[in-house]
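Please open the model in a viewer and keep the sequence beside it.

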Amino acid sequence: MKRLGIEQIGLYYVHRAEAGRPIEETMGVLAELVQAGKIARIGLSEVSADTLRRAHHVHPVAALQSEYSLTTRDMEADVLPTCRELGIAFVAYSPLGRGLLSGALDRDSLADNDFRRNAPRFGAGSLEANNARLDTLRAIADQREATPSQVALAWVLAKGVFAIPGTKRLSYLEQNIAAASLNLSADDIATLDSAYASGTFTGERYTAEGMKGVNV
């Protein structure tokens, strides 16, 4: 906080629940920081609906951040309904499927140290199969005179959640901002919902080891 030059952290995230430590213990410590005025709100990331409820019972959780996009919709089963029930903001990270939903990603474009090279969803064969499933997204983008990424981002926003897309280029940032003004029709959303139901895409989003830390 001294380095940041601030008196209080507005939202303090626990980005992964610590293995073997009850979430109640973690929330108890954070609640003490709230009482001390060091942080204003508590956020969690990639926890299950059950863990979220237990945490919220100790101290109100302001926000839950988890991966959510047309490629990753498992949050819709339990976590998103729980957030809405408890009044917790949902923040979608990787709303563009780590670049997959741009429709322009191939393994040759990934740097040697890009972690996606080891992610099952981007592995040899999987990425090609997943790119082949983007025709519906591309068709709606053409109809709306938008990019596939903009349509994918607009779909996330239409679900009533917040989105934090990453970008490396100014042009992509400008496209992402413009997506906030792209109003998809009910038919557009229904078409995307149907075309990209949970489980449509090949491969997990993390390796087996990485998946151990999500939805716990």
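Begin by selecting the charged residues: the chain has 23 positive and 26 negative charges, and their mean positions are 4 Å apart. In this count Lys and Arg are positive and Asp and Glu negative, while His and the chain ends are left out; each charge is placed at NZ of Lys, CZ of Arg, CG of Asp or CD of Glu. The model is predicted: local features need pLDDT of at least 70 and side-chain atom pairs pLDDT 80 or more, whereas totals for chains, interfaces and linings use all residues. Residues are numbered from 1 along each chain as its sequence is written, and side-chain values use heavy atoms, without hydrogens and water.

Next, display the whole chain as a cartoon. It contains 9 helices and 5 strands, where helices are DSSP runs of H or I with at least four residues and strands are runs of E with at least two, numbered from the N terminus. The order from the N terminus is β-α-β-α-β-α-β-α-α-α-β-α-α-α. Along the principal axes, the C-alpha atoms fill a box of roughly 50 × 35 × 35 Å.

Now colour the residues by accessibility. Of the 216 residues, 41% are buried, a term that means under 20% relative accessible area, with exposed being over 50% and partly exposed in between (1.4 Å probe, protein chains only).

How many aromatic pairs does the structure hold? There are 3; rings of Phe, Tyr and Trp (its six-membered ring) pair if their centres lie within 6.5 Å, and planes under 30 degrees apart are stacked, over 60 edge-to-face and the rest tilted. Tyr68 and Trp155 form a tilted pair, 5.5 Å centre to centre with 40° between the planes. This pair links distant parts of the chain, 87 residues apart: Tyr68 lies in the loop between strand S3 (63-67) and helix H3 (79-86), and Trp155 in helix H6 (residues 148-158). Tyr68 is buried at 1% relative accessible area, and Trp155 is buried at 0%.

Finally, inspect two backbone positions. Most residues other than glycine have a negative phi. Ser94, not a glycine, has a positive phi of about 50°; it sits in the loop between strand S4 (89-93) and helix H4 (126-131) and is buried at 16% relative accessibility. Asn215, also not a glycine, has a positive phi of about 55°. Asn215 belongs to the segment after helix H9 (208-211) and is partly exposed, at 38%.
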